[in-house]
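Hello,

I am passing a structure on to you, and it is shown just below. My notes on what turned up follow after it.

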Amino acid sequence: MSISSIFLTLVPIFFTIILGYLGGYFRVFNADSSKGLNTLVTKFALPAHLFIGITSTSKQTLMNQWPFFLTMTIGIIGFYVILLLIARFGFKYDLTKASMFSLNSTQPAFAFMGISVLGSLFGAQEVAIPIAVTGIVVNALLDPLATIVGTIGQGSSGASGEEKSSTLGIILHGLSEPLACIPLAAVVLTLFGFQSPDLVKDALDQIGSVTSGVALFAVGVTVGIRKISFKAISFGISILKVVAIPLFMIAVAHMVGINHADTVKAILLVSFPGSAVAAMISTRFDSLSTETASSFVISTVLSLVSLPVYISLLM
């Protein structure tokens with residue numbers, strides 16, 4: 001794929017992000033309205049879009065995605081665990097700070113940029129399942145794990161019975177997120193032979209079709225309303241996010257042995273900027289909240305360069 005083709009593919013995407021940025025920067029949107037846009041995408045539009053994509057897929061095609069699921073699980077969870085150990089024992093961070101640092105260095109904004117970027121490269125139908133798989137790994141595995149580790153680090157686990165209850169509640173909360181439970185339900189239904197009828201597709205497409213534009217605009221708004229802290233740790237998280245984890249995913253993809261197309265999807269899905277959701281989790285723990293919010297902005301800017309490079313090398 002030529003550089004000019006990549007540029008033409010990404011221009012509309014980043015143009016929408018810039019529009020959102022201007023809306024946030026000039027306070028047309030504030031933190032509350034930005035949260036509303038994020039909620040629209042993550043809890044309604046994208047889950048509906050993914051449900052249609054998965055339940056329009058054959059059972060055999062879905063079963064063939066098992067290696068991709070394994071790749072994303074090893075790549076995302078493995079990278080988080082490695083960084084957690086380095087931050088805890090190498091940089092001597094406390095457990096909560098180490099967890100938030102590792103989470104924000106790992107979690108991509110796949111929900112906001114995946115449909116637009118990958119869809120323009122492979123087609124919307126082709127990328128629905130890979131994005132859904134990533135959503136299950138991130139929302140049902142990574143976020144609960146990072147939250148559990150952060151809670152333990154704060155010393156709030158309490159007695160053993162309370163700890164088990166708290167841990168179970170965190171896991172169930174992660175599974176209850178629409179980006180985890182709806183793709184998971186769609187996978188189960190498809191494996192039992194369910195295929196969405198045209199009426200269901202048309203109904204869900206009314207909200208699912210807005211995913212791409214609104215998601216990109218929401219990224220821009222979130223960047224526009226945040227104040228950036230240019231601390232070393234903010235740049236460190238950003239570099240790990242847009243450089244280190246894509247390289248790690250290359251090694252994992254080759255180790256698992258998935259095909260070239262899936263390898264490209266796996267690498268690009270983790271090479272997107274840092275996640276606003278991960279930054280919000282850091283704010284909830286009051287740990288690295290400024291640095292992680294800043295890294296979200298910095299990694300978004302860096303992706304203007306890194307994404308075209310990755311696409312030109314991989315496609």
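Helices (H or I, at least four residues) and strands (E, at least two) are DSSP runs, numbered from the N terminus. This is a predicted model, in which local features need pLDDT of at least 70 and side-chain atom pairs count only at pLDDT 80 or more, while totals for chains, interfaces and linings use all residues. Residues are numbered from 1 along each chain as its sequence is written, and side-chain values use heavy atoms, with hydrogens and water left out.

Let's begin with the whole fold. The protein has 15 helices and 0 strands. Its radius of gyration (taken over C-alpha atoms) is 19 Å, close to the 20 Å that the globule rule (2.2 Å times the number of residues to the power 0.38) gives for 315 residues, so the protein is as compact as a globular protein of that length. Buried residues (under 20% relative accessible area, 1.4 Å probe, protein chains only; exposed is over 50%, partly exposed in between) make up 52% of the 315 residues.

Now for one residue inside. Thr 96 lies in helix H5 (residues 95-106) and counts as buried because its relative accessibility is 4%. Leaving aside neighbours within four places in sequence, Thr 96 is in contact (heavy atoms within 4.5 Å) with Gly 150, Gly 153, Gln 154, Phe 285 and Ser 287.

Phe 285 leads us to helix H14 (residues 276-285), where it is one of the buried residues, along with Ala 276, Ala 278, Ala 279, Ile 281 and Ser 282. Their cover includes H5 and helix H7 (124-153). After H14 comes Asp 286, with a positive phi near 55°.

Enjoy exploring!
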